[in-house]
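Subject: Structure for your review

Dear colleague,

Please find below the structure that I am handing over to you. I would ask you to look at it first and then to read the notes that follow.

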Amino acid sequence: QFEIVKRTFTITGDTHSHTYNGGTQTITGTSVTNLLDGHTLSGISYSASGADVGTYPGTFSGSFKVTDALGNDVSSNYSLETIPGKLTIEYKSVRVTANDLTVAYGDAVSLSAKVEGTFNSDTVSFDLIRESGDNVGTYAITPSGATTQGNYLVSYVKGTLTIDYRDVTITTLNGSKTYGDIDPALSASVSGLLGSDVVDYSVDRIAGGAVGTYSIIATGE
């Protein structure tokens, strides 16, 4: 007695890795091995789908049909083995960059940052802290937060706060005297200072004793 047994062929589902893109991603590719030459497979579908970061196994559906080169159904001569693949969705890189900021001494400081790489209405959480100090100079602005947030791998880039000089105006006040008298005390008004801050300056006039008009000048460092 001579027996012919069914031929086993194999369908292997694709395995792929994709970066999170804000939507559902699907893979459908397959490879088929051990069908005889000229035989064609139909009726089987395969897919693996997912949206968020993670691993999603593929699944097969349908009933297979194998036809020969003449179009005859030879399915009864085959048995099917399936090997599912998987779809892996990986983290999307996002960068949080503290915005550089320049203010005048004494002005309010409002820190902000730019977020690059998110999709749709997705957000990432972060804090902004600046190096302490209120005098003229430069100070680091440091963003911080969790490295992984939802579907994102987050990196952080520092910025710089620059506190610049504040404009102060010293205005000399007019004065007068009678020819031959001693000069009165010269003075000036100061505008632009904050709180109890002071500036050092001196007031003098152009030399001369004859009747006339002389410029009064304020000087300082």
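In what order do the strands of the open sheet stand, and is the pairing parallel or antiparallel? The order is β3-β6-β8, and these 3 strands pair in the antiparallel sense. Because β3 (25–27) and β8 (59–61) stand at the edges with a single partner strand each, one side of each has no neighbour in the sheet. From one strand to the next, the twist averages 35 degrees. Please keep in mind throughout that this is a predicted model.

The contact between two of these strands can be followed in detail. Strand β6 covers residues 45–50 and is joined to β8 by 3 bridges.

Strand β15 (residues 127–130) and strand β16 (residues 137–144) run antiparallel and are joined by 4 bridges. Across this pairing, R130 is found opposite I141 of β16. Between the two strands of the hairpin lie 6 residues, and G133 in the turn has a positive phi of about 140 degrees.

As for the chain as a whole, it has 23 strands and 0 helices. What radius of gyration does the protein chain have, and what would a compact globule of 221 residues have? The protein chain has 40 Å, whereas the globule would have a value near 17 Å. Along the principal axes, the C-alpha atoms fill a box of roughly 145 × 30 × 25 Å. Buried residues make up 19% of the 221 in the protein chain.

The largest pocket holds about 350 Å³ of space. It is lined by 19 residues, of which G175, S176, K177, G212 and Y214 are the closest to its centre. By type, this lining comprises 7 nonpolar, 9 polar and 3 charged residues.

The second largest pocket has a volume of about 180 Å³. Which residues line the second largest pocket? They are Y105, R166, V168, G192, L193, L194, D197, V198 and V199. Of these lining residues, 6 are nonpolar, 1 is polar and 2 are charged.

Yours sincerely,
A colleague

Methods. Residues are numbered from 1 along each chain as its sequence is written. This is a predicted model: local features need pLDDT of at least 70, side-chain atom pairs count only at pLDDT 80 or more; totals for chains, interfaces and linings use all residues. Side-chain values use heavy atoms; hydrogens and water are left out. Two strands pair if DSSP finds at least two bridges between them. Axes are lines fitted to C-alpha atoms, for helices over the stretch in contact, and angles run from 0 to 180 degrees between N-to-C directions. On a 1 Å grid over the protein atoms alone, a cavity is a set of points where a 1.4 Å probe fits but cannot get out, and a pocket is an open set with protein on both sides within 12 Å along at least five of seven lines; lining residues have an atom within 4 Å of a point. Grid points are joined across faces, edges and corners, and a volume is the space filled by probe spheres set on the points. Ala, Val, Leu, Ile, Met, Phe, Trp, Tyr, Cys and Pro count as nonpolar, Asp, Glu, Lys and Arg as charged, and the others, Gly among them, as polar. The radius of gyration is taken over C-alpha atoms; the globule rule is 2.2 Å times the number of residues to the power 0.38. Buried means under 20% relative accessible area, exposed over 50%, partly exposed in between (1.4 Å probe, protein chains only).
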